[in-house]
Amino acid sequence: MSVRHALLALLSEGPKYGLQLRQEFEARTGEVWPLNVGQVYTTLQRLERDRLVESDGSGEDGPQNRFRITDGGHDELARWLRTPPDLSSPPRDELVMKILVAAGLPDVDVHDVVQTHRRYLVELMQEWTRLKEYAADRDLSFTLVVDAELYRLESVVRWLDAAEGRIKRAAFDAATSVPSALPKLPRRVGVER
Amino acid sequence: MIALELVGVSKVYGEGPSEVDALRGVSLAVAAGELVAVMGPSGSGKSTLLTIAGTLEQATRGEVLVAGTAVSGMSRNDRARLRRQVIGYVFQDFNLLAGLTAAENVSLPLELDGMPARAARAAGVKALEDLGLGERASRYPDELSGGERQRVAVARAAVGDRRVLLADEPPGALDSVNGEAVMRIIRAACQRGVAGVVVTHDAQLASWADRVVFLRDGRVVDQTTPPPGPESLLAPSQKL
């Protein structure tokens, strides 16, 4: 979450005070990401240094200081909104590691391991859904943030479902396979150009 | 109070070498006011569990109790009455009657049960209004969108004084807003005291439930513990 760009976005609506920025940031993100005052002022200082915002105060940070966005700030905000975050390389996911390890160990019931994680994820999703139910569409920002979290957790559950299916099928194939006359496929993964 | 209970329910399809165990000793108790989701991969037995709970099929072994009464000793007529009066069932493909309007579809179980047509129709329209479908009451199923048909099916299942509401795979992933609307309706019914069971492979739909039961190879293998209050995720520690 880029606090820097979130503050620029709030300032693009008009000049604001530091404390006001903090309150509005928390309200707009459904109060899911708390922000302390120190973070707000440090970020504003850096934005001012980079000439993306300017203040009408005497250079001292304080509640009396009001900030406004510069033309450079508007450009930076527009650029950031349209720049996709870097999702190109898969993260080193701890859960994926655990399942890979479990699938390779003979004494571990991999289905049991998968189910333990699945239950935990669904329990988390139940909590988020309960929050969404209480918010009942009154707060769009909050509902969007909760939806994002629910989709993220759901994708992990779906991966667990798929992984469990694959592991089950692989075990079945290994138990029933007879030596095959088919040529082996190359093990290398990737596209040759 | 337990409104629906399955005790050691097994279901075997076919016989001899082609015998398939769809359910193996499943026990599940759902309290009045509770919503339970049953999750499991295809072939895990979830749909069989629901049709047996809904008395549409009979268990090979074990017992189903609806509002405390064992289903196995009932005559066909008694089971049919149970389905009209006590159990609401939302089918995967909705099973609306094409020749009846939305309101007539909803009021049908009440009329079949002897309620005067005018009163039944009024109750049907009221149920549709509660789901935001008042203006569509006189439309036929083929004039409704998929989401509207589904809500009509839920209205039909919940109309009258039902004690148990069973829903088979409400489509969620295809249309998450509609899936959510349907789950809100089902939860509202449960908050009025109905015992609900939703069968799904969709974790987002399941997460609307008070309790999620996991089924694998015809057995209950696990279940969630009831979630703490909504404030837990926004505690000062902040999980994000």
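View 1. B:Thr55 is buried, with 24 other C-beta atoms within 10 Å. Here a residue is buried if 20 or more other C-beta atoms lie within 10 Å of its own, exposed if 12 or fewer, and partly exposed in between, with C-beta atoms placed from the backbone. B:Thr55 sits in the loop between H1 and S4 of chain B. Helices (H or I, at least four residues) and strands (E, at least two) are DSSP runs, numbered from the N terminus. The phi of B:Thr55 is positive, about 60°, although the residue is not a glycine. This is a predicted model: local features need pLDDT of at least 70, side-chain atom pairs count only at pLDDT 80 or more, and totals for chains, interfaces and linings use all residues. Residues are numbered from 1 along each chain as its sequence is written, while chains are lettered from A and ligands numbered from 1 in the order in which they are written.

View 2. The loop runs between strand S6 (87-90) and helix H3 (102-112) of chain B and holds B:Asn95. B:Asn95 is exposed, with 12 other C-beta atoms within 10 Å. Its phi is positive, about 55°, although B:Asn95 is not a glycine. B:Gln92 is found in the loop between S6 and H3 as well. B:Gln92 is partly exposed, with 15 other C-beta atoms within 10 Å. Which residues does B:Gln92 touch, not counting residues up to four places away in sequence? They are B:Asp168 and B:Glu169. Contact between two residues requires their C-beta atoms, placed from the backbone, to lie within 7 Å. B:Gln92 and B:Asp168 are 76 residues apart in sequence, yet their C-alpha atoms are 5.2 Å apart in space.

**View 3. The open sheet S2-S1-S4-S5 of chain B.** In this order 4 strands form the sheet, with antiparallel pairing. Two strands pair if DSSP finds at least two bridges between them. Strands of a sheet pair through backbone hydrogen bonds, either parallel or antiparallel. Strand S2 (20-31) and strand S5 (69-70) of chain B are the edge strands, each pairing on one side only. Strand S1 (residues 2-13) of chain B pairs with S2(B) over 8 bridges, in the antiparallel sense. Opposite B:Val9 stands B:Val26 in S2(B). Helix H1 (residues 46-53) of chain B packs on the sheet and touches S1, S2 and strand S4 (61-66) of chain B. The direction of H1(B) makes about 125° with that of S1(B). Axes are lines fitted to C-alpha atoms, for helices over the stretch in contact, and angles run from 0 to 180 degrees between N-to-C directions.

View 4. Of the 5 residues of strand S3 (residues 35-39) of chain B, 5 are buried, so the strand is largely enclosed by the rest of the structure. Both faces are covered. B:Leu35, B:Ala37 and B:Met39 are buried on one side, and B:Val36 and B:Val38 on the other. S3(B) runs parallel to strand S8 (residues 195-200) of chain B, joined by 5 bridges. The bridge partner of B:Val36 in S8(B) is B:Val197. S3(B) also runs parallel to strand S9 (residues 211-216) of chain B, with 4 bridges. In S9(B), B:Arg211 stands opposite B:Val36.

**View 5. The side of chain B that touches chain A.** Here 18 residues of chain B are in contact with 20 residues of chain A. Helix H7 (203-206), S9 and strand S10 (219-223) of chain B each give two or more residues to this side. Which element gives the largest share? H7(B) does, with 3 residues. The residues of this side of chain B divide into 11 nonpolar, 6 polar and 1 charged. Ala, Val, Leu, Ile, Met, Phe, Trp, Tyr, Cys and Pro count as nonpolar, Asp, Glu, Lys and Arg as charged, and the others, Gly among them, as polar.

**View 6. The two domains of chain A.** Chain A is divided into domain 1 (3-82) and domain 2 (94-176). These bounds come from an automatic or database domain assignment. The C-alpha centres of the two domains of chain A lie 37 Å apart. In chain A, 4 residues of domain 1 are in contact with 4 residues of domain 2. The side of domain 1 that touches domain 2 has 1 nonpolar, 2 polar and 1 charged.
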